[in-house]
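Good morning. I will take a few minutes to walk through one structure, part by part.

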Amino acid sequence: MGDGGDIIKEACGVFGVRAPDQPVSHMTYLGLYALQHRGQESAGMAVSEGTKIWVNKDMGLVSTVFDHHRLAALRGHLAIGHTRYSTTGASAWQNAQPSYRMAQEIQFALAHNGNLVNTPELAQELGLAPGTVGSDSDLVAELVVAELAAPDAVGDADPLERALARVLPRLRGAFSFVIMDEDRLIGVRDPNGFRPLFLGQLPHGWVLASETPALDVVSAQVVREVEPGEMVVIDAAGVRSVRPFPATAVNPTLCSFEFVYFARPDGVLRGQGVHGARKRMGMQLAVQAPVDADLVVPVPESGIPGAQGFAQQSGIPYGDGWIKNRYIGRTFIAPTQELRDNAVRIKLNPIIENVAGQRLVVVEDSIIRATTLRGTMRMLREAGAAAIHLRICSPPYRWPCFYGMDTGDRGTLIAANLDVDAIRDYLGVDSLVYLELDRMLNAISDEPSDFCTACMTGDYPVPVSVNTTKDMLERA
Ligand SMILES: O=P(O)(O)OC[C@H]1O[C@H](OP(=O)(O)OP(=O)(O)O)[C@H](O)[C@@H]1O
Ligand SMILES: NC(=O)CC[C@H](N)C(=O)O
Ligand code: SF4
């Protein structure tokens, strides 16, 4: 199980709004707050007042970084924002987003959800000295600057759009971008659409966001998803759709783990409610692996809909096994194994009267490095559970993700190193069953082939290089 020094992380959250005469920085704050679960390391926003773009970002949660005074100073009609989980580049202020540049008298800022898989090649093409940029996202800003400065760019009617049209097709991997200049809001989704991106409408404006709950909180109507391989340009004239990628590159493979864990359950992806999909995963588990038991309990929080589905399908009563401390976020983001272990103990405390003497079905969304379940299963045994039957709403997570989740090396992934029986013994449970892949995909969608499943199958939709490391741009 590795040295425990790697961090398992998930996708970032992006938000953008163009709404003249509206408090766009406050709206961005609300949107980022709704996307906090996608990134808890740093938060930032860029706001345009028409001639200048102001950037404010810092390490920490959205509510830590921004207060009323900071927001009040950020006035304008256009803003983008970001909540970060680092996948390329250290978790440090200089890699916080949005990235801002001013080149050839053109200002722009960009925020990125996803992870590029050709970062070393792109950095080499640019001839950047090591350490010039730390993250793949900042590298994209540098690529745009280089195109703005290209001799044949001089005099172009729209240098930024021209630069994007030249840069975007060179990027490989996962990227949902929100980009702005002084007056335009731009959204881009990679040809695979690994990470979500939605377009929403206000009475007098437009919004882009990683997930639909971020549109809900600013009272924007969901219009549609930005399509894989699409760029939307939003200005005073409305929304314009551009296709910067060759049609042959478009191959929709949305991250299936968005449905399992990343996305908020109150959101909708590909027209499917996430809560409903998780519930169906639990129902499928009950069909695949029935068991005689007294109570179905979820591992809060992402295991809850699956446990509800398992209980409904099996007829076994549903109950609470733990109380979750409401002041703690997601746990596997802490930077050391010791902190992660402690976070689990602080986050979840068993309800002894519910579990003592009971034969339990415990439902969880996923096992990555098993920090959560090692802690929570120990708690259940200490609380006197008579039996523990563990059911997981996804297949074993055996392969690293290179598309926006930092799973370090394979040594950190428990299912890459132990078979299911050995994991059952490691966790000290009576039985352990993972949901079969087909059942998981059928629970998600009527079109189950249109998803990335690489971390469960090793089948990577976009080829990945084994030479990429998180600090590849920062090494001297
Ligand atoms: O096997 P692990 O390495 O522990 O990772 C998997 C666990 O991490 C997540 O919980 P998290 O606390 O991040 O979020 P949640 O509150 O949404 O369940 C997930 O729901 C699993 O419980
Ligand atoms: N998880 C993400 O989407 C991260 C975005 C980007 N790769 C970064 O590390 O900042
Ligand atoms: S490898 Fe897994 S986590 Fe990464 S994009 Fe694919 S399905 Fe999602």
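**A walk through the chain**

The names of helices and strands follow DSSP runs, numbered from the N terminus, with helices being H or I of at least four residues and strands being E of at least two.

Some ground rules. This is a predicted model, in which local features need pLDDT of at least 70 and side-chain atom pairs count only at pLDDT 80 or more, while totals for chains, interfaces and linings use all residues. Residues are numbered from 1 along each chain as its sequence is written, and chains are lettered from A and ligands numbered from 1 in the order in which they are written.

Now the whole chain. Its secondary structure comes to 17 helices and 23 strands. The radius of gyration is 22 Å, close to the 23 Å that the globule rule gives for 476 residues, so the chain is as compact as a globular protein of that length. That radius is taken over C-alpha atoms, and the rule is 2.2 Å times the number of residues to the power 0.38. Along the principal axes, the C-alpha atoms fill a box of roughly 75 × 45 × 40 Å.

Next, the sheets. Strands of a sheet pair through backbone hydrogen bonds, either parallel or antiparallel. Here two strands count as paired if DSSP finds at least two bridges between them.

One open sheet has seven strands with antiparallel pairing, in the order β3-β2-β4-β1-β10-β9-β11. Its edges are β3 (53-59) and β11 (221-225), each with a single partner strand, so one side of each is left without a neighbour in the sheet. On average, neighbouring strands of this sheet are turned by 15 degrees against each other, direction ignored. Strand β1 (residues 13-18) and strand β10 (residues 205-209) run antiparallel and are joined by four bridges. Gly-16 has Leu-208 in β10 as its bridge partner. Across β1, β2 (42-48), β4 (78-84) and β10 lies helix α1 (residues 24-34), at about 25 degrees to β4. For such angles, axes are lines fitted to C-alpha atoms, for helices over the stretch in contact, and values run from 0 to 180 degrees between N-to-C directions. Contact means that the C-beta atoms of two residues, placed from the backbone, lie within 7 Å.

What is the strand order of the open sheet of four strands? The order is β17-β20-β21-β22, and the pairing is parallel. At the edges are β17 (295-298) and β22 (431-434), each pairing on one side only. Four bridges connect β17 with strand β20 (residues 359-364), and Leu-295 stands opposite Leu-360 in β20. Helix α10 (residues 304-314) packs on this sheet and touches β17, β20 and β21 (387-392), its direction making about 165 degrees with that of β17.

In the loop between β17 and α10 sits Glu-301, and the peptide bond from Pro-300 to Glu-301 is cis, with omega near 15 degrees. Another cis peptide bond goes from Gln-97 to Pro-98, with omega near 5 degrees. Pro-98 lies in the loop between β4 and β5 (99-103).

Now the ligands. Ligand 2 has 17 residues around it, of which Cys-12, Thr-87, Asn-113, Asn-115 and Gly-404 come nearest. A residue belongs to such a shell if its C-beta atom, placed from the backbone, lies within 6 Å. By class, the shell around ligand 2 has three nonpolar, 12 polar and two charged residues. Ala, Val, Leu, Ile, Met, Phe, Trp, Tyr, Cys and Pro count as nonpolar, Asp, Glu, Lys and Arg as charged, and the others, Gly among them, as polar.

The residues surrounding ligand 3 include Phe-194, Cys-255, Cys-401, Cys-452 and Cys-455. This shell has nine nonpolar, two polar and no charged residues. An unreviewed UniProt entry annotates Cys-255, Cys-401, Cys-452 and Cys-455 as "binding site". Those four are spread over 201 residues of sequence but cluster in space, with a largest C-alpha distance of 10.1 Å. UniProt positions are given in the numbering used here, feature names are shortened, and annotations may be inferred rather than shown by experiment.
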